[in-house]
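Q: I'm new to this one. Please take me through it.

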Amino acid sequence: MADQRHAPASGDAPARRRGQGELEAQVLAVLQQAPGPASAGWVQERLEGDLAYTTVMTILSRLHAKNAVSRSRSGRSYLWQASADAAGLAALRMRRMLDGEADRDAVLASFVSALLPHDEELLRALLDAASADPAAADRES
């Protein structure tokens with residue numbers, strides 16, 4: 001007899017798997033709505049679905065490693081606070097991917113050549129603005 005523990009009961013839809021980074025973005029969004037630093041339990045209560053506390057802790061730890069959240073001790077646990085928004089998190093991911101590549105020039109050239117015209121114009125404007133304001137470039141580093 002086949003093992004059917006993982007098959008959904010008839011009429012039940014299978015659980016939807018989240019896309020890469022989707023859960024991190026959801027946790028970050030919850031933290032951004034917090035009135036101040038929040039516990040992992042507070043975050044867990046406000047997330048959709050039945051996520052285990054350990055899953056929330058893992059995501060918070062990953063976000064902390066990416067500098068997207070900060071944490072401070074509160075007794076034996078931590079309180080968490082967003083230090084990046086969704087755009088900042090995406091930028092961190094892009095930077096980490098780029099840092100992992102040996103030929104940065106080729107990666108950036110490929111990225112730029114695949115941009116839509118509007119996105120290319122926006123990127124040019126952002127680069128021009130960063131060049132005009134060296135203090136902005138220092139804040140990015």
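Q: What does Lys66 touch, not counting residues up to four places away in sequence?
A: Lys66 touches Glu24, Leu89, Leu92 and Arg96. Contact here means heavy atoms within 4.5 Å. Keep in mind that this is a predicted model, where local features need pLDDT of at least 70, side-chain atom pairs count only at pLDDT 80 or more, and totals for chains, interfaces and linings use all residues. Residues are numbered from 1 along each chain as its sequence is written, and side-chain values use heavy atoms, with hydrogens and water left out.

Q: Where does Lys66 lie?
A: In the loop between H3 and strand S1, which covers 69-74. Helices (H or I, at least four residues) and strands (E, at least two) are DSSP runs, numbered from the N terminus.

Q: Is Lys66 buried or exposed?
A: Lys66 counts as buried, because its relative accessibility is 15%. Buried means under 20% relative accessible area, exposed means over 50%, and partly exposed is in between (1.4 Å probe, protein chains only).

Q: And Glu24, where does that lie?
A: Glu24 lies in helix H1. Glu24 also counts as buried, because its relative accessibility is 8%.

Q: What does Glu24 touch, not counting residues up to four places away in sequence?
A: Ile59, Arg62, Leu63, Lys66, Leu89 and Arg93.

Q: At what angle do H1 and H3 pack?
A: About 85°, with the axes 10 Å apart. H1 is residues 22-33 and H3 is residues 53-65. So H1 is roughly perpendicular to H3. Axes are lines fitted to C-alpha atoms, for helices over the stretch in contact, and angles run from 0 to 180 degrees between N-to-C directions. Under 35 degrees counts as roughly parallel, over 145 as roughly antiparallel, 65 to 115 as roughly perpendicular, and the rest as oblique.

Q: Which residues in H1 and H3 meet?
A: On the H1 side, Leu23, Glu24, Val27, Leu28 and Leu31. On the H3 side, Thr55, Ile59, Leu60, Arg62 and Leu63. They divide into seven nonpolar, one polar and two charged. Nonpolar covers Ala, Val, Leu, Ile, Met, Phe, Trp, Tyr, Cys and Pro; charged covers Asp, Glu, Lys and Arg; the others, Gly among them, are polar.

Q: How many residues has the largest nonpolar core?
A: The largest core has 21 residues. Those with the most contacts inside it are Val27, Leu31, Val43, Leu47, Val56, Leu60 and Leu63. H1, helix H2 (40-46), H3 and helix H4 (86-99) each give two or more residues to this core. H1 gives the most, with five. A nonpolar core is a set of buried Ala, Val, Leu, Ile, Met, Phe, Trp, Tyr and Cys residues joined through side-chain atoms within 4.5 Å.

Q: What is Leu31 in contact with, leaving aside neighbours within four places in sequence?
A: Ala38, Val43, Leu60, Val69, Trp80, Gln81 and Ala82.

Q: Where is Ala38 found?
A: Ala38 is in the loop between H1 and H2. Ala38 is buried, with a relative accessible area of 5%. Beyond four places in sequence, Ala38 is in contact with Leu31, Val43, Tyr78, Leu79 and Trp80. Ala38 and Leu79 are 41 residues apart in sequence, yet 4.9 Å apart in space, C-alpha to C-alpha.

Q: Switching to strands. How many bridges join S1 to S2?
A: Six, and the strands run antiparallel. S2 is residues 77-82. Two strands pair if DSSP finds at least two bridges between them. Ser72 stands opposite Leu79, and the partner of Arg71 is Trp80.

Q: Which residue in the hairpin of S1 and S2 takes a positive phi?
A: Gly75, near 70°. That hairpin has two residues between the strands.

Q: At what angle do H4 and H5 pack?
A: About 135°, with axes 9 Å apart; H5 is residues 104-113. So H4 is oblique to H5. Met94, Leu98 and Asp99 of H4 make the contact with Arg104, Val107, Leu108 and Phe111 of H5.

Q: Last one. How many helices and strands has the protein?
A: Seven helices and two strands. From the N terminus on, the order is α-α-α-β-β-α-α-α-α. Of the 141 residues, 20% count as buried.
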